[in-house]
Amino acid sequence: MDYQKKIEQSGNLLLSIINDVLNMARIESGKSVLVESSESIVDMVEEVSNVFGAMAKEKEIVFDTKMDIKHKQVLCDCTKVKEILVNLIGNAIKYTPNGGHVTVDVKELECSKEGYGTYQIQIIDTGIGMSESFIPTLFDPFTREATGDIIGTGLGMPIVKKLVDMMGGTIDVESKLGKGSTFTITIDHKLGNEEKNKVKQENLVVSKHSLEGKHVLLAEDNELNAEFAKIILEDCGLHVDLARDGFQCVSKVIQNPVGSYDFILMDIQMPNMNGYLATQKIRAIPEKNTIPIIAMSANAFDEDKKQALKSGMNGYISKPIDMDKLQSQIIEILKEKAGS
């Protein structure tokens with residue numbers, strides 16, 4: 001179990017490094033764009049905070065979240081906002097010694113722009129802090145202050161700065177060595193539709209066992225990926241049928257009766273026929289063209305998600321599979337199909 005934990009930690013670190021390098025390259029090349037939708041800022045902050053709750057508890061860190069919000073629903077790029085929060089909250093907990101204190105304080109400030117809200121997010125910690133001389137270089141790529149055995153890529157803060165700049169916001173830093181740090185982000189967001197979010201939340205209030213007994217067609221050409229995905233899905237009570245490429249996936253849909261599959265998990269990059277083309281073929285099959293299809297890909301960029309939806313897919317999840325995220329997406333898609 002100890003070896004397994006070390007392998008998992010090493011794999012996650014490698015994945016983090018690769019994602020950071022790719023993300024940075026994409027931002028600097030101008031290919032990263034904002035994809036805005038109506039989201040609850042409270043839900044976004046709570047979702048990211050919940051991810052780090054166990055880590056804070058393990059270090060006996062007092063982890064508080066404060067909210068003073070009048071308008072919860074805003075138009076924003078949810079993925080990029082969460083990425084900012086993941087970096088800042090993750091760092092606060094990582095660099096705060098056992099028994100310390102981390103606070104996420106979210107306020108809605110007065111805004112002079114009609115139809116907009118000014119949102120301030122502060123991440124305050126009692127961690128190791130930074131030297132005065134290091135702070136001016138904090139947002140430079142691959143720059144890190146000596147932090148003993150704490151590892152990192154030196155890209156998290158530059159990515160945060162560039163994402164905040166993309167959104168037209170500001171980020172300020174106050175820190176003292178040995179005393180802790182305070183990061184303050186201020187962004188104007190256009191106000192969103194509160195009623196839409198209420199309906200969305202009601203649709204997601206379902207039992208965690210609601211997927212048990214469902215039948216899924218898994219299209220995945222990589223044997224190792226397919227084996228892992230099959231185990232994860234079966235652990236959730238799903239019945240899994242495996243297709244080795246897009247051509248086999250389409251053939252199984254054609255050959256089996258209507259209703260055989262509740263949904264399809266479709267890898268994008270496959271031999272013989274890729275996931276996009278396979279989806280288009282399935283969408284052209286009478287009586288079976290409404291099967292929900294969720295894309296799976298190692299590419300987690302907004303442009304890839306757009307292409308998946310454009311080809312006729314219902315959703316998109318990045319590899320490695322996070323079952324909690326996948327389950328939430330499947331439930332939402334099946335709810336929408338049942339209500340249509």
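Leu14 lies in helix 1, which spans residues 2–28, where helices (H or I, at least four residues) and strands (E, at least two) are DSSP runs numbered from the N terminus. The model is a predicted one, in which local features need pLDDT of at least 70 and side-chain atom pairs count only at pLDDT 80 or more, while totals for chains, interfaces and linings use all residues. Residues are numbered from 1 along each chain as its sequence is written, and side-chain values use heavy atoms, with hydrogens and water left out.

**Helix 1**

Together with Ile18 and Leu22, Leu14 makes a nonpolar surface patch of about 270 Å². Such patches are made of residues with over 30% relative accessible area and no salt bridge, with nonpolar side chains (Val, Leu, Ile, Met, Phe, Trp, Tyr) joined within 5 Å and like charges within 9 Å; the areas come from the Shrake-Rupley method with a 1.4 Å probe, and for residues only the protein chains shown count as cover. Asn19 also lies in helix 1, and its relative accessibility of 38% makes it partly exposed, a class between buried (under 20% relative accessible area) and exposed (over 50%), again with a 1.4 Å probe and protein chains only. Although Asn19 and Ala298 are 279 residues apart along the chain, their C-alpha atoms are separated by 9.8 Å.

**Salt bridges**

Side chains of opposite charge can pair when their charged atoms come close. A salt bridge is counted when a side-chain nitrogen of Lys or Arg is within 4 Å of a carboxyl oxygen of Asp or Glu, and a search of the whole structure finds six of them.

| Pair | N to O distance |
|---|---|
| Lys82 and Glu47 | 2.9 Å |
| Asp105 and Lys107 | 2.7 Å |
| Asp241 and Lys252 | 3.3 Å |

Asp241 belongs to strand 9 (residues 239–243) and Lys252 to helix 7 (residues 246–255), so this pair ties together parts that are eleven residues apart in sequence. Asp241 is partly exposed, at 23% relative accessibility. The salt bridge between Lys82 and Glu47 links distant parts of the chain, with Lys82 in helix 3 (residues 78–94) and Glu47 in helix 2 (residues 41–58), 35 residues apart.

**A cavity and a pocket**

On a 1 Å grid over the protein atoms alone, a cavity is a set of points where a 1.4 Å probe fits but cannot get out, whereas a pocket is an open set with protein on both sides within 12 Å along at least five of seven lines, and lining residues have an atom within 4 Å of a point. The count comes to one cavity of 30 Å³ or more, and the largest cavity has a volume of about 90 Å³. Among the residues that line this cavity are Ile41, Val81, Tyr119, Met167 and His189, and helix 3, strand 5 (116–125) and strand 7 each give two or more residues to the lining.

The second largest pocket holds about 160 Å³ of space, and its lining includes Leu34, Glu36, Asp77, Met167 and Lys190. Strand 7 (180–191) and strand 3 (73–76) each supply at least two of the lining residues, with strand 7 giving the most, namely four.

Conventions: Grid points are joined across faces, edges and corners, and a volume is the space filled by probe spheres set on the points.
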